[in-house]
Amino acid sequence: MERRDIPKQKINKYAIRKSLRLFGLMPASDRWLLALGTLFLAITAGTALLFPDLLGRMVDAYTDVNKLQESAMAFLYLFIAQALFSFLRIGLYVRVAENLTAVLRNRLYKAVLLQNMDFFHQNRTGDLLSRFTADIGQIQDTFTSNLAMFLRQLMVILGGIVYLFFTSNTLSLYMLGTVPVVVIISLFFGRFIRKIGRQVQELTGNNSVIAEETFTGIQNVKAFTNEDYEMRRYGRDVEQLRKKSIFRGLMRGAFSSFIIVCLFGSIVWLIFLGLGMVRSGEMALGELISFMFFTGFIGGSIGGMAEQFVQIQKTLGAVERVLDLIEKPTERLNGHAGAPEVIAGSVAFDNVSFSYPGRPDYPVLENINLSVEAGKSLAIVGPSGAGKSTVINLLYRFYEPDQGQILLGGKPISDLDLYTLRSQLALVPQEILLFGGSIYENIQYGNPEAGKEAVIQAAKMANAHDFISAFPEGYETIVGDRGIKLSGGQRQRIAIARAMLRNPQLLILDEATSSLDTESEQQVQSALKTLMKDRTSIVIAHRLSTIRHADTIVVLKQGKIIEQGSHEMLMNMEDGYYRKMVERQQDHTDFINHHENP
Ligand code: ATP
């Protein structure tokens, strides 16, 4: 979402009260700085108001050289004071705004990071990112400038009006009856013209989309001999665009005529009336000049305030969205006070049933019972969508089961703190995410406290040390979007090294679907073997050949366990589902081998 697309928020008690909470996020010292900044702002508004007054006095003093010099000096002091206080005001506001922005960014990042997985499924990444860019940017702008400008314009309007009434009541009433009215009408007029402008832009966009579609799909157009049809379609659109653009032009013309007649007209009318008063001695010429300058200031400030008002409305919406997220309850993650306790690696699912919160009527797992002893391996197989990854999601407590419980080392995982629970696990996922950083950092991600020795040791055990050392920059080689691209097998071995470094009780392998060439496959398999040694492991298997030696194989189909046992046991079952799967994959592999090596 770009900044200009931020929706406006109606100003009401609730929105204002919510936004005032922002001040609560500031340290007390910043609130004082803001108050001081606002005092300086009032001083600059005051000095701005002195300007027309001094100008008027200077005009009235034009016959007296001494007085003229005095006025000129007064201007000099005025500008110096204005420059100084304006600089101080900006300095203070910027400081407070940037401190607040930093607090908001950190709090928001933490709040989002600590949400549960369901939150991330319900919210699109783009929407979340726009909280950081568009919404926080909007708040930042408001505290840096919009708020100050709004207050300053308000002060200028109020102060200006008071001054005008001191100069001449009659003329002030005439002024207030004309200039603000004209300014407000022109604001609405301007907004209307902008709306038409946007419509013209949309139509222009449409127009190029039609041309683009036709040219890219030219083969279809010609094959269906639809040139005439396309020309008519384009022509209709061009006609609409032509009419709208003419309308916009006329409205712009009307706008400038309105400004000339009404705004300039009312100013000249005021000068005319004022000069009458000067002639009759009711007012000095200098006073009239001050008066007209004030009129200009007030008119300009009314126009400016409207824009600031829109910005502030947008900010109220932004604040609400950001604070809603910041105040949203997070996952229960107690954080790491010291090393987490180590829990034995046996796993059991006790009659677990589950549906995703987004689809509560659709049972994804039904009455799942399974167990793995510490140090043993369990493989889960089954067709796509059977619920294999869901078993892992529950084990990590990304979601809570609707029924039944899951035990780790004999303890219900619902009783464990999430940090303790997840510290026992390491995942080698299907899609390996390498962060933009060095290979070293990517391995160390498994255990940020590990030192260099440990990282290299893990890489060696994962068969990754040799290929890493072969890069000119070794472990410092940058990977990810801005770095070099690693092959599938290399990425897997990095992921294995990462898991190795974590040294988990329970290892979870979500096997990659795409097969590697024989050489790297063999390296990955031998690394996995080292990793799995003496650890409990749960493997989600796509290629059945790799799990033949698992202690237990569970066959999952449509959320239910339909077969369970060792490879040999399952192969001995006449008409067994597993046996059929193995045979089918065997045929497939034979087919590929036959065609690749005829
Ligand atoms: P695959 O082998 O294709 O990865 P799988 O056996 O791992 O499949 P799961 O990812 O566990 O299957 O999905 C099981 C079912 O749950 C599917 O029908 C899927 O559409 C559904 N599902 C998965 N994640 C969610 C979610 N976040 N919200 C709603 N339904 C989901």
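Okay, let's start with Asp575, which is exposed at a relative accessible area of 67%; exposed means over 50%, buried under 20%, and partly exposed in between, using a 1.4 Å probe and protein chains only. Before I go on: this is a predicted model, where local features need pLDDT of at least 70, side-chain atom pairs count only at pLDDT 80 or more, and totals for chains, interfaces and linings use all residues. Residues are numbered from 1 along each chain as its sequence is written, and side-chain values use heavy atoms, with hydrogens and water left out.

Back to Asp575. Its phi is positive, near 65°, and it isn't a glycine. You'll find Asp575 in the loop between helix H17 (567-571) and helix H18 (577-596); helices here are DSSP runs of H or I with at least four residues, numbered from the N terminus.

Now Thr225, also not a glycine, has a positive phi of about 45°. Thr225 sits in the loop between helix H7 (218-223) and helix H8 (227-279), and counts as exposed at 61% relative accessibility.

So what about the inside? The largest nonpolar core has 45 residues, and Ile443 is one of those with the most contacts inside it. By nonpolar core I mean buried Ala, Val, Leu, Ile, Met, Phe, Trp, Tyr and Cys residues joined through side-chain atoms within 4.5 Å. Helix H15 (residues 488-502) gives the most to this core, seven residues.

Last one: Ile443. Skipping neighbours within four places in sequence, its contacts (heavy atoms within 4.5 Å) include Val455, Ile468, Tyr475 and Leu501.

Terms used
Helix = DSSP H or I, 4+ residues; strand = E, 2+ residues; numbered from the N terminus.
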